[in-house]
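Here are some friendly notes to read with the structure open beside you. Take them one point at a time, and look for each feature as you go.

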Amino acid sequence: MRTANSIDIARWCARQGWPVHPLQPMRKLPMPGCSRCRSSHPEYVPHTVAECGCLSRGLWCHGFHAATRDSALIDRWWGRNPNMGVGISTGPAELLVVDLDCHADTPPSEPSEVLPAFSVPEDLLKAVRNGLDAFRILSQALDGEDFTDGERTLAVRTPSGGMHLYFRTPRQTTWRCSTGGNLKGVALGWQLDVRAHGGYIIAPGTQVAAGIYEAVGSCRQPARLPGWLAGALEQTGHLLAARPPAQTRSRVPNRARMATTSPATTSAWAAKVAATALSDVADCASISEGSGWNTKVNRAAYTLGGLVAAGFITNQAGAEAALLEAALYARPERAQQARSIIQSGLVAGQRQPLTPKDR
Ligand SMILES: [Zn+2]
Ligand SMILES: [Zn+2]
């Protein structure tokens, strides 16, 4: 994406289902609105976005609130102003981006202030120099994946040496941006900032004065928000609601089924059985009530337990993690219940080894 034009970046984002808005050339800030909509302007009349008619007239007033996936509008905005950068309105894009900062700040004098919401051994925290370190240590402490190599999710290196990790949010949830740079408000940790509902992120490929926001590794799609990270975000106050606001939902059309992470299996047959069971659980995300989530989680755990007993899955912890991820993708607020259903389902399933002749 190094040489991408803004219009190509904006079109690419829109194809992912992400609404985009223009940024000031070479800067991180949104383009200023029209004179009526700029508070610094002498003619400014105070008004809310809902009262403003500019967006419906194709203008880009009010920053990320103007973000669109409309191809005609995108062509008009960036076709006429190719120097403008591209921002992504993370909320309606159903994205949550973790911003791993790399500021020159000295780490907190108390190591426990790096990740104050989590219990992490102090010797690990002492080695933290920036947000990248803090995120890696958090993922280790919570048995999560290290996403910073750009092979498991879209990871974008920022000009200051930090990184943006992109995740798709579970369909039923709304997540808030971090509000406490100094950990006084909502924050995941020191130099760990979250952009979600009510915020925006600089799109991959965009150039600012300090350099380019450049995707690293080979993955160009956001991973589904993993269970361990969703739990950590919920614990630090980032879960705003279990349902997105109506206007947010209506702006994004249905997308393809979410891919699920499956545990390693020793046969193609077992891989397919496991993937189907996990998809059934994850697909409950698109059904708000009466989806039979409990039953599906239980059935999937029973199936995976049977595959473990038959030797098709050798890593039971991996099976358990995949089940939890799928279950929390659909119902992030039911972690405790998910764990208990998964435990009992796995135990029951292991009494009944599952082989191809049983299907
Ligand atoms: Zn305006
Ligand atoms: Zn306005």
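Before we start, two terms: strands are DSSP runs of type E with at least two residues, numbered from the N terminus, and two strands pair if DSSP finds at least two bridges between them. Please also keep in mind that this is a predicted model.

1. **A strand with two partners.** Begin with strand S3, residues 95-100. It is joined to strand S5 (residues 163-168) by 6 bridges, and the two run antiparallel. To find this pairing on screen, look for Leu100, whose bridge partner in S5 is Met163. S3 also pairs with strand S7 (residues 192-195), again in the antiparallel sense, over 4 bridges. Here Val98 is a handy landmark, as it stands opposite Val194 in S7.

2. **How enclosed is S3?** How many of the 6 residues of S3 are buried? The count is 6 of the 6, so the strand is largely enclosed by the rest of the structure. In general, side chains in a regular strand alternate between the two faces of the sheet. You can follow this in S3: Leu95, Val97 and Asp99 point one way, while Leu96, Val98 and Leu100 point the other way, and all are buried.

3. Now move to strand S2 (residues 85-89). All 5 of its 5 residues are buried, so S2 too is largely enclosed by the rest of the structure. Gly85, Gly87 and Ser89 point one way from the strand, and Val86 and Ile88 point the other. S2 is joined to S1 by 4 bridges, with the two strands running antiparallel; within that pairing, His21 has Gly87 as its bridge partner. S2 also pairs with strand S8 (residues 200-202) in the antiparallel sense, over 3 bridges.

4. **The zinc site at ligand 1.** Which residues hold the zinc ion (ligand 1)? Its donors are the SG atoms of Cys34, Cys37, Cys54 and Cys61, at 2.2 to 2.3 Å. These 4 donor atoms subtend angles of 105 to 118°, which makes the arrangement tetrahedral. For comparison, the ideal angle for four tetrahedral donors is 109.5 degrees. Along the sequence, the donor residues of this ion are spaced C-x2-C-x16-C-x6-C. Cys34 and Cys54 both lie in the loop between strand S1 (20-23) and helix H2 (71-80), so this pair ties together parts that are 20 residues apart in sequence. Are these two buried or exposed? Cys34 is partly exposed, with a relative accessible area of 25%, whereas Cys54 is buried, at 0%.

5. **The zinc site at ligand 2.** The zinc ion (ligand 2) is coordinated by Cys37 (SG), His47 (NE2), Cys52 (SG) and His62 (NE2), at 2.0 to 2.3 Å. The angles here are 99 to 117°, which again makes the arrangement of the 4 donor atoms tetrahedral. Along the chain, the donors follow the spacing C-x9-H-x4-C-x9-H. Cys37 and Cys52, both in the loop between S1 and H2, link parts of the chain that are 15 residues apart. Cys37 counts as buried at 11% relative accessibility, and Cys52 is buried too, with a relative accessible area of 9%.

6. **What connects the two sites?** The two zinc ions, ligand 1 and ligand 2, are 3.9 Å apart, and Cys37 coordinates both.

7. Helix H10 covers residues 335-350. Its 16 residues should span 22 Å at 1.5 Å a residue, and the end C-alpha atoms are 22 Å apart, which agrees. The buried residues in H10 are Ala338, Ile341, Ile342, Gly345, Leu346 and Gly349. Seen down the helix axis, they fall within an arc of 130°, so they line one face. In general, an α-helix has 3.6 residues a turn, so residues three or four places apart point the same way. The buried residues of H10 pack against H8 and helix H9 (316-330).

8. Ala309 is found in helix H8 (residues 293-309) and is partly exposed, with a relative accessible area of 33%. Leaving aside residues up to four places away in sequence, Ala309 touches Gln350 and Pro353. Ala309 and Gln350 are 41 residues apart along the chain, yet their C-alpha atoms are separated by 4.9 Å.

Definitions and conventions
Residues numbered from 1 in each chain as written. Chains lettered and ligands numbered in written order. Predicted model: local features only at pLDDT ≥ 70, side-chain atom pairs only at ≥ 80, totals over all residues. Heavy atoms only, no water. Donors = N, O, S within 2.8 Å, 3.2 Å for Na, K, Ca; no water. Tetrahedral: all angles 85-135°; square planar, octahedral: opposite > 155°, others 65-115°. Buried < 20%, exposed > 50% of the residue type's maximum accessible area, 1.4 Å probe, protein only. Contact = heavy atoms within 4.5 Å. Expected span 1.5 Å × (residues − 1). Arc of directions from axis to C-beta.
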